Amino acid sequence: QVQLVESGGGLVQPGGSLRLSCAASGSISNLNIMGWYRQVPGKHRELVATITNSGSTNYAETLKGRCTISRDNAKNTVYVQMNSLKPDDTAVYYCNAAGMDVAAKIYNYWGQGTQVTVSS
């Protein structure tokens, strides 16, 4: 089992910045991609950004240029730095960790979510 502990959410003014952190623990050896997703009530959960063990990144189009994802493999922690935040960025942000073992069993874990509110 894998545990994902998120931190860094909160209230930020429009135009402000925020950094979210997600620390993974437990059986992490088969995890090779971590990332962040977000969800607002009544809508599907959507991609924010992902990063692989080798450092390859993928960003949502709406966040490109405002968002940077990084990871510290030694600490099993992934970070997302978000700048120039807008009220539309208000959502619950979820950490995700996924991977596959040699038997092609897929692993997919979610954190409990952290609220980000962009408001003046």
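Asp89 and Arg38 are both buried, where buried means under 20% relative accessible area, exposed over 50% and partly exposed in between (1.4 Å probe, protein chains only). They also pair up in a salt bridge, with their closest N and O atoms 2.9 Å apart. The term means a side-chain nitrogen of Lys or Arg within 4 Å of a carboxyl oxygen of Asp or Glu. Keep in mind that this is a predicted model: local features need pLDDT of at least 70, side-chain atom pairs count only at pLDDT 80 or more, and totals for chains, interfaces and linings use all residues. Residues are numbered from 1 along each chain as its sequence is written, and side-chain values use heavy atoms, leaving out hydrogens and water.

**The network**
- Searching the whole structure turns up four salt bridges.
- Arg38, Glu46, Arg66 and Asp89 are tied together in a salt-bridge network.

**Around Arg38**
- Arg38 counts as buried because its relative accessibility is 7%.
- Its partner Asp89 is 51 residues away, in the loop between β8 (77-82) and β9 (91-100), while Arg38 sits in strand β4 (residues 31-39); strands are DSSP runs (E, at least two residues), numbered from the N terminus.
- Glu46 also bridges to Arg38, with the closest N and O atoms 2.7 Å apart.
- Glu46 has a relative accessible area of 36%, so it is partly exposed.

**Around Asp89**
- Arg66 meets Asp89 in a salt bridge at 2.8 Å, N to O.
- That pair joins distant parts of the chain, 23 residues apart, with Arg66 in the loop between β6 (57-59) and β7 (67-72).
- Asp89 comes in at 2% relative accessibility, so it counts as buried.
- Arg66, at 12%, counts as buried too.

Terms used
Helix = DSSP H or I, 4+ residues; strand = E, 2+ residues; numbered from the N terminus.
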